[in-house]
Amino acid sequence: MSYQTILFGQRDSVAIITLNRPKVLNACNRQLMEELADALKTCERDPAIRCVLLTGAGRAFCSGQDLSALEELGGHGEQLPVAAHLRRLYNPVILRMRKMEKPILAAVNGVAAGAGMSLALACDLRIAAESATFIQSFVHIGLVPDAGSSYFLVRMLGLGRAFELAVSERRVSAQEALELGLVNRVVPDDRLAEEAMTWARELAQGPTRAIGLTKRALNRALLLDVDEMLDYEAQLQQIAAATADSAEGIRAFLEKRRPNFQGR
Ligand code: T3D
């Protein structure tokens, strides 16, 4: 598939997906969501890709649903088939991101608004430029958080802070997002691309299967109680211990050298 609304490239074992509709701050229309879904599928299936870096072109990360493209949906007002639209275009992307057993790093280069903020939150890790901002824009237009924002916010912030953010018109700065735990790192604007790539490369050189299984464990830990979770950890460890990377990690430790993980 050739893409018009995203850029898709690969450097070393890192896939770089750039949302690329800068004139509308990378707002999501149908084509962008379909292309993003397709690129994520490739990332999932290609064993040579061991980390995904998601970013935006121009001055924004993503401004959420393209509000000038709602006619693509057909209907208006009560007839607007929003639920079907979310289920068909957004929900599969968010689920694919959470279920992909490879790390996904968001390099948030500017504003992340509405479903654009949901996309950033659905990544495993976030590095933000100092000037980046986060807005739950849904409420500004009389909508509720979607594309996973309510799920992620309440888990990352707790009920009170999630509610405050979801119903406020406030832009959260990158620094505040760091303090709240919404992002992992903040870097000067002119360092973002390089710092993000360095981090993505480090992740891509890790034991990809173990990292993927860790993602599976943490996803499940949000739902299970402690005895079920202990059992689930044991199952996952059985899988991880059988990987070539685990054997290499143990060998490297005993030989007092750095491991050379292959992602197998
Ligand atoms: O039906 C469904 O699918 C429901 C799903 C909903 C999911 C959602 O994401 S709902 C939330 C949708 N997003 C928003 O409401 C955000 C709208 N944008 C803004 O509030 C502001 O643009 C920002 C706060 C993000 C940035 O503000 P600022 O001042 O830096 O930029 P700007 O001047 O507002 O925007 C620059 C251009 O991008 C401008 O176009 P122009 O005037 O230069 O021709 C603006 O209209 C356009 N733009 C920005 N966001 C969107 C957009 N065009 C369409 N859709 C957008 N979301």
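The following paragraphs describe the surroundings of the ligand and then the pairing of the strands.

The structure is a predicted model, in which local features need pLDDT of at least 70 and side-chain atom pairs count only at pLDDT 80 or more, while totals for chains, interfaces and linings use all residues. Residues are numbered from 1 along each chain as its sequence is written, and side-chain values use heavy atoms, with hydrogens and water left out.

The ligand is surrounded by 24 residues, a residue being counted if one of its heavy atoms lies within 4 Å of the molecule. The closest are Arg 59, Gln 65, Leu 67, His 85 and Ala 115. By class, this shell holds 13 nonpolar, 6 polar and 5 charged residues; here Ala, Val, Leu, Ile, Met, Phe, Trp, Tyr, Cys and Pro count as nonpolar, Asp, Glu, Lys and Arg as charged, and the others, Gly among them, as polar. Helix 2 (82-99) and strand 6 (111-113) each supply at least two residues of the shell. Such helices (H or I, at least four residues) and strands (E, at least two) are DSSP runs, numbered from the N terminus.

In the side chain of Arg 59, an N or O atom is 2.9 Å from an oxygen atom of the ligand. For Gln 65, a backbone N or O atom lies 2.9 Å from a nitrogen atom of the ligand.

The strands may now be considered. Strands of a sheet pair through backbone hydrogen bonds, either parallel or antiparallel. Two strands are taken to pair if DSSP finds at least two bridges between them. An open sheet of 4 strands has the order 4-6-8-9, with mixed pairing. Its edge strands, strand 4 (60-62) and strand 9 (172-173), each pair on one side only. Within this sheet, strand 6 and strand 8 (residues 133-135) run parallel and are joined by 2 bridges; Ala 113 stands opposite Ile 135 in strand 8.

Strand 1 (residues 6-11) and strand 2 (residues 14-19) pair in the antiparallel sense over 6 bridges. Gln 10 stands opposite Ala 15 in strand 2. The two strands form a hairpin with 2 residues between them, and Asp 12 in the turn has a positive phi of about 50°.

Technical notes: Polar contact = N/O pair within 3.5 Å; in protein donor to acceptor, adjacent residues only side chain to side chain.
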